[in-house]
Amino acid sequence: MRGTAAFITGAASGIGRAAALGFAAAGAGVAVTDVDEAGGLETVARIEAAGGEAIFVALDATREADVEDAVGRAVQRFGRLDFACNAAGIQGPLATAADYAHEDWCRVIDLNLTGVWLCMKHEIRQMLAAGRGGAIVNISSNFGLVGGALMPAYSATKHAVIGLTKTAALDHAAQGIRINALCPGATETPIVAKILEENPAQASDLIGQIVASLPMGRMGTAEEAAAAVVWLCSEGAGFVTGAALAADGGYTAR
């Protein structure tokens, strides 16, 4: 991937950070974007310490003007846009559909679905303008393939991201832009850590329940998910578009 450029959202931590590091290790220049400036700058520092090239751009993915500006700044810095990974997202509170607060619903939908669409919209426009094609990976979830108890908004958005991905993949396949979704399962990320932190009395039981639900008997790592993202953007996946790739330790294979 030397001489290419990647645009990553949610790159201050978790899968987004691991994807940024993965693209940089493969030789791409990386635009690291997130609302978390400190975390984003740390990601940039890690890339630069390893000999890579990166910039940080503060980004609220729910604001279209900010998204357009951030993608433009990435292209201005690197002269091109070849790859993108739209990883920014939140889980929201745990509650049944009947008990879910309207404001929480809107907040999750706004970032997890509308934010992915806005980023993809402007990433595609830059790729079309350059005429070189490109590859985009949208981060869905195993709960975009099956239901997730007590996560109505999260599961709804992750299902919708897959539909959005497939539709955009059809729209732009002939123009050389490949668009896929990655569906990680239980992964050791700050989101999981936060759930455990908010439920300290049940933390051990929660970890046990998560691991017991996975045929492979362990949670995944952000680096494993990121490796799948980089592969989906590589020449090795050159005939893959519109796919929803599960990286979930076998959870959805049952």
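How many bridges join strand E4 to E5, and do the two run parallel or antiparallel? In this predicted model, four bridges connect E4 (residues 83–86) with E5, and the strands run parallel.

## Strand E5 and its burial

Let's start with E5 itself, which spans residues 134–139. Six of its six residues are buried, so the strand is largely enclosed by the rest of the structure. Burial here means under 20% relative accessible area. Gly134, Ile136 and Asn138 point one way from E5, while Ala135, Val137 and Ile139 point the other way, and all are buried.

## Neighbours of E5

Asn138 is a handy landmark for finding your way around the pairing. In E6, the bridge partner of Asn138 is Ala181. E6 covers residues 177–184 and pairs with E5 in the parallel sense, over six bridges.

E4, helix H4 (residues 102–130) and E5 form a right-handed β-α-β unit. E5, helix H5 (residues 152–172) and E6 make a right-handed β-α-β unit too.

## How H4 packs against H3

H4 also packs with helix H3 (residues 64–78), at an angle of about 35° and with the axes 9 Å apart. The crossing of these two helices is right-handed. On the H3 side, the contact is made by Glu64, Val67, Glu68, Val71, Gly72 and Val75. H4 contributes Leu118, Cys119, Lys121, His122, Glu123 and Gln126.

Sorted by class, the contact of H3 with H4 holds five nonpolar, three polar and four charged residues.

Note on methods:
Residues are numbered from 1 along each chain as its sequence is written. This is a predicted model: local features need pLDDT of at least 70, side-chain atom pairs count only at pLDDT 80 or more; totals for chains, interfaces and linings use all residues. Side-chain values use heavy atoms; hydrogens and water are left out. Buried means under 20% relative accessible area, exposed over 50%, partly exposed in between (1.4 Å probe, protein chains only). Two strands pair if DSSP finds at least two bridges between them. A crossover is right-handed if, with the strands pointing away from the viewer, the path from the first strand over the helix to the second runs clockwise. Axes are lines fitted to C-alpha atoms, for helices over the stretch in contact, and angles run from 0 to 180 degrees between N-to-C directions. A crossing is left-handed if the near helix is turned anticlockwise from the far one by less than a right angle, and right-handed if clockwise. Contact means heavy atoms within 4.5 Å. Ala, Val, Leu, Ile, Met, Phe, Trp, Tyr, Cys and Pro count as nonpolar, Asp, Glu, Lys and Arg as charged, and the others, Gly among them, as polar.
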